[in-house]
Amino acid sequence: MEKRELKVEEKKGIPLQDLLLTAVLLAAGAVLKFFVGQFVNFFGMKPNFIIAMYCMIIVLLRPKIWYSIIVGLLAGAICQFFPGTVGLNFASELAGALCMGLLIMIPAKNRPVEIVLAAVSTFLSTIVSGGLFTVLLFVFIKSDPSAMAAYVPIVLGTATLNAIIVALLYVPLMKATKRPFVCDKYATAEAAEEVVEE
């Protein structure tokens, strides 16, 4: 039997609901960082809600790389309203968001794996963001590089807490926004290919 090709029309641009979701989650991250971040502390380590939320945005929307970069820059801009070294967050959050945008391309075969991948991607993206911020901070303040080791457990702790936040919120937010799980889309695509080949 002759093979037929399935053509999927790809929509250009970003849907309004995705822009709204981006705005809401980034705002939520800022509010949580300002109010809750002051009190949530585990042995000196606390989550970075802004990083967790932009990772959540990227893993929910699965956007093009350019949109992940924009999300990172917006997160960096929001960070300027909090105490810290001005400007460094633009570079660190851009790097973290770019890392997340690349990691979400890894396919998941089932929902548990998809949730784990979302958490692991958040963990690695937070390490990239926090690591770059720490390096840039030491470069700008010209501090002793040996003191950088003290920041390692802080970055790792923050990355772990961010990963837990994303893992816990992933399924509820996917259902709340009525988005299909990535593994389900892969399964549907594979089934469609099998039907076409018959």
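A word on handedness before we start: a crossing is left-handed if the near helix is turned anticlockwise from the far one by less than a right angle, and right-handed if clockwise. What you have open is a predicted model, where local features need pLDDT of at least 70 and side-chain atom pairs count only at pLDDT 80 or more, while totals for chains, interfaces and linings use all residues. Residues are numbered from 1 along each chain as its sequence is written, and side-chain values use heavy atoms, with hydrogens and water left out.

**Stop 1: H1 and H3**

Select residues 16-35, which make up helix H1, and then residues 65-79, helix H3. (Helices are DSSP runs of H or I, at least four residues, and strands are runs of E, at least two, numbered from the N terminus.) H1 passes H3 in a right-handed crossing. On the H1 side, pick out Asp18, Leu19, Thr22, Leu26 and Ala30; on the H3 side, Tyr67, Val71, Leu74, Ala75 and Ile78. Those are the residues in contact, meaning heavy atoms within 4.5 Å. By class, the contact of H1 with H3 has 8 nonpolar, 1 polar and 1 charged residues. (Nonpolar covers Ala, Val, Leu, Ile, Met, Phe, Trp, Tyr, Cys and Pro; charged covers Asp, Glu, Lys and Arg; the others, Gly among them, are polar.)

Stay on Ala30. Is Ala30 buried or exposed? Ala30 counts as buried, at 17% relative accessibility. Leaving aside neighbours within four places in sequence, Ala30 touches Ile50, Ile78 and Phe82.

**Stop 2: the rings**

Phe82 is worth a look of its own. Show the side chains of Phe34, Phe35 and Phe82, which ring pairs link into a cluster. (Rings of Phe, Tyr and Trp, the last by its six-membered ring, pair if their centres lie within 6.5 Å; planes under 30 degrees apart are stacked, over 60 edge-to-face, and the rest tilted.) The whole structure has 5 aromatic pairs. In one of them, Phe34 and Phe82 have ring centres 6.4 Å apart and planes at 55 degrees, so this pair is tilted. Phe34 lies in helix H1 and Phe82 in the loop between H3 and H4, so the pair ties together parts that are 48 residues apart in sequence. Phe34 is partly exposed at 48%, whereas Phe82 is buried at 16%.

Next, find Trp66 and Tyr67, an edge-to-face pair with 5.8 Å centre to centre and 90 degrees between the planes. Trp66 is partly exposed at 46%, but Tyr67 is buried at 5%.

**Stop 3: H2 and H4**

Select residues 49-61 (H2) and 88-103 (H4). Their crossing is right-handed too. Look for Ile51, Tyr54, Cys55, Ile58 and Val59 of H2 against Ser92, Glu93, Gly96, Ala97, Met100 and Gly101 of H4.

Now bring in Ser129 from helix H5, residues 111-141. Which residues does Ser129 contact, leaving aside its neighbours within four places in sequence? They are Ile51, Tyr54, Ser92, Glu93 and Gly96. Ser129 is buried, with a relative accessible area of 1%.

**Last stop: Val166**

Finish in helix H6, residues 152-176, at Val166. Val166 is buried, with a relative accessible area of 0%. Among the residues it touches are Ala52, Cys55 and Val59.

Technical notes. Buried means under 20% relative accessible area, exposed over 50%, partly exposed in between (1.4 Å probe, protein chains only). Axes are lines fitted to C-alpha atoms, for helices over the stretch in contact, and angles run from 0 to 180 degrees between N-to-C directions.
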